[in-house]
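Colleague: I would like to learn how to read the pockets and the chain contacts of a model, going slowly through each of them. Could you take me through one case?

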Amino acid sequence: MARVSKEERKSGIISAALKLFSQKGFYVTTIPDIAEKVGMSVGNFYNYFTSKDLLAKELVLYISQYLGDKIRAINESDDSSEIKIQKIVTMYFDMATEKPEMIEYFLRVYLSNREVFGEGCEGMTCVSPFITEMMIFFSDGVESGELHNQDFFSAFGLFMGYLGGMVFLFGEKILPDPLEEYKESISLNIYNALKTR
Amino acid sequence: MHSKQDKKLKLLWFQGVTCNGNTHSFLNLPNIEQLLENFEILYHPILPSIYSLEEILKLEENCDLFLFEGTYDPLMQHNGVELSKIVDYYTKHATHVISVGTCASFGGMFKATAPERNSGLIFNEEESFGPLLEQKQKVINLSGCPVHPEWLSYTLSMIVSDKEVEVDELHRPIELYSNLAHHGCTRNEYFEWKVDVDNFGEKEGCLFYKQGCRAPMTHASCNKILWNEVSSKTRVGTPCFGCTEPDFPRTDMFSTKTNMSIPQDTPLGVPKRSYLTLTGIAKTFHIKRLEGKLIDYKTTR
Amino acid sequence: MITKQLVDKIEGEASLYFELEDEKVSFATVSFPHTRGMELMLEGKNALDALVITPRVCGICGHAHLMATVRAIEDAYKNAGYEIHLSEKVELLREFTLVMEMVQNHFKWMYLTIIPALSKLTNSSQELTPLKGAFAASIATKAIATFAGQWPHSSYMIPGGVTADPTNIDILKAQSYLSELKTFFEKESLGVSLEDFLAFDSCNDFTKLSSDVGALNEALLKTDMHIKGFADDTFIVLGEHTFTEVTKLKHTRHIGVQHKYVSTEPSYSPHEKTYAKNALYKDAYYETGPLARSLSNNFAIIKNIHRRYKDSAYSRVMARVFELASLIQHASSLLKKLDIADTSFTKSVDISKINARGVGVVEAPRGPLMHTIDIENGVIKKYSIITPTQWNIGSSHKEKPTPAQRAMIGLTKEEANFVFRTFDVCSVCTTH
Ligand code: SF4
């Protein structure tokens, strides 16, 4: 039997937990539920995460790092801000389609159970990789003259709120077409709203 | 007594386009008397000199040290003699040339007087340019608007004691300019924890985020070797304007240039990504001691 | 015959062109051959940038320029409907650092300019001590830097206040620099206590001094400077301060003034290109500076001197020395009034909201300094600067000489050169 490394085990727990948290909700899901889903004993589980809260934080970091890495690759390209917007939108919608649990977790668990994330996860600490890359994206765009200079959160809210809203509609099955179909128009809308006037 | 005097280095201080600020800054030097004993002053715009300006303009004497204050304008004339001739004549024999202040070093404030021709002695802002390019190894740039008297004193003393003054790529002594003006500011803790300040006139808070402080991007030892031996701009709540750098004077000097609320320039050598990561995290912690007033004065007088 | 004299060891350089009759000056014109175009440089910049740029008009009185700028911008705020009320602490701090700049100026002028020039005139073999002036000035500038961060070229005054938020430690430090300065002045310059000196009410009292000031008094009398170097005997003081009386004087009669009547005209300089402009009040020239301020303040001793020697070179020099003493005392009273709990800064609307003109007038070491700023959406449309030397050392036609021109008439070249310096010439300011 092939040995499974500790890291692989850990990511197994993460993906199982993501699914359970976003399906059943954070409070209802128990550690035995997660342990069972990954096929390990509850005792062994505690070798990886000492509490559910800690796991919850680790998940936010994991998602934020994942998003941050993707956006960083886009930021480091020579593309124009307009193209970068398309790429970020595409990346985000693809993720919502292929790994809906990630976005779900982010929107439903992280944003609605902030009390869990108090200590050690205040403010931007746990979402820093993601926010940092969005800051870089915006400031590069202003510096190159493509984007209008404004308050960061006004721009960030416009961008991510819009995407979050679409994913929510998609998740609620209200959207008539798959997310894929909206990439182009939404990218254009975002670009038009942010570009230099 | 006379034989000893003969060995003194001959110093000539000459001015291009200037406000006299470096001259007056130098007069603040506490040990000016002892320092000047090492030199024979052929000419200085204010201090007693052996020759008058008229005599100096005859271009007959030679000096060992040529100190130049002000922006170099080749067409400027002193009593009918072109500045280019004067600089050319005196620097040829001099062993050392010191650009005193940012104007002489990079063009500075009075580059704007005639931008098409004015410059420093060997630099036009950051670009290699000026009348002394061919003898640039002689030139030491003491940028600063004005120069700090101790910086000039250090340089002169090094020359007197026959020591090599090591310089950076902009010809500034590294012992004076390897520091950033930010080093030693009393607001450093606020910078570390990213505590900004909305208003001027407060002891608390760092001026990097809103008020335009350039100190983390500026090579100078203002907060290490204090001004007038007592203070510095940032210590009294004035942002650093980056006056030792080639791009001085910049514009909008009392506000921080931001792109989508993110500072356009990050501390020297710190990648924006690292800076933002740290900032995001530091801003998360609300530290009472740093957010409140240090002292709450109630008593009067 | 026209003779040219190049004047150096003033702030910058100037040329004097003398018309001589029997070895005596019958007419003189003045040229200031260098300019830096600072007013133009300011156009198109954010109005607040002027707080960094205008101190660089002048290395010796940059702080006065800073204050003129901040007053001009605050006046524009007022004219735009956003009057800013400054706290008493702000007024006192600004006033203190301004006064200390005057103090350093007067020390330097006395030891680096006037005593050496006089000694040259009298061929005196007495040893000169120019660095006394630099030393005293350096203590005065320490006191400035305690609040203003540095001198020269501080920008600590901003619309609404000052950037500094001093503690009692700073105030005590400034006080101790001030007493160090006072002791130095008493011991090295006066030879009596400051209080005793300030209580003098006749210039005969100066003759009792065996000190630098005593020697200065004696040399001035010996060279007949009390009957030489007369200007028009009209004076003007425009800057409003705790130590001034804004007025215009004909002899000793006070007449009210308004700065709107100040204007300029091109200098008359037939022999060399000059960049200077003459300053006028209702089409007339006036002498400015310490003599003007001391007379307007009704200082007993200066009135006594003036009664005897009018506006001679002697009166001009001794008024400066006396003003130095009175400013040192005044500075100390300003510090005593500081209320540490007062605010350092009153916030107002952003400069980009301002569309207005503002005028800032202060007394600089040599007299009134006036800045006028036109602001459009926070940006400088136009900036104009009128400096004290433009009042004292204008250059005009024979029929209507300026104070300095008139003061040089009838003197030998050498005397005229000395009298010229009694006005404390600032070439860099004049042509800015
Ligand atoms: S005010 Fe300027 S020098 Fe001081 S800590 Fe902040 S950035 Fe550094």
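Colleague: What volume does the largest pocket have?

Modeller: As a general idea, rolling a probe the size of a water molecule over the atoms shows where empty space is left. In this structure, which is a predicted model, the largest pocket has a volume of about 1100 Å³. There are 30 residues lining the largest pocket, and those closest to its centre are B:Leu36, B:Glu37, B:Pro48, C:Pro130 and C:Leu131.

Colleague: Which elements give two or more residues to the lining of the largest pocket?

Modeller: From chain B these are α1 (2-6), α3 (32-36) and β2 (39-43), and from chain C it is α5 (130-148). The largest share of this lining, 6 residues, is supplied by α5(C). Sorted by class, the lining of the largest pocket holds 17 nonpolar, 6 polar and 7 charged residues.

Colleague: Let us turn to the interface. How many residues of chain B are in contact with chain A?

Modeller: On the side of chain B there are 15 residues, in contact with 23 residues of chain A. Between them the two chains bury about 1600 Å², with 61% of that area on carbon and sulfur atoms.

Colleague: How many salt bridges are found across the interface of chain B and chain A?

Modeller: The rule finds 3 salt bridges there, and one salt bridge joins the side chains of B:Arg273 and A:Glu133, at 2.4 Å from N to O. On the side of chain B that touches chain A, β10 (258-259) and α10 (272-284) each supply at least two residues, and α10(B) gives the most, with 7 residues. By class, that side of chain B has 5 nonpolar, 7 polar and 3 charged residues.

Key:
Residues numbered from 1 in each chain as written. Chains lettered and ligands numbered in written order. Predicted model: local features only at pLDDT ≥ 70, side-chain atom pairs only at ≥ 80, totals over all residues. Heavy atoms only, no water. 1 Å grid on protein atoms, 1.4 Å probe; cavity = no way out; pocket = protein on both sides within 12 Å on 5 of 7 lines; lining within 4 Å. Points joined across faces, edges and corners; volume = space filled by probe spheres on them. Helix = DSSP H or I, 4+ residues; strand = E, 2+ residues; numbered from the N terminus. Nonpolar A, V, L, I, M, F, W, Y, C, P; charged D, E, K, R; others polar. Contact = heavy atoms within 4.5 Å. Buried area = accessible area lost by both parts, 1.4 Å probe. Salt bridge = Lys/Arg side-chain N within 4 Å of Asp/Glu carboxyl O.
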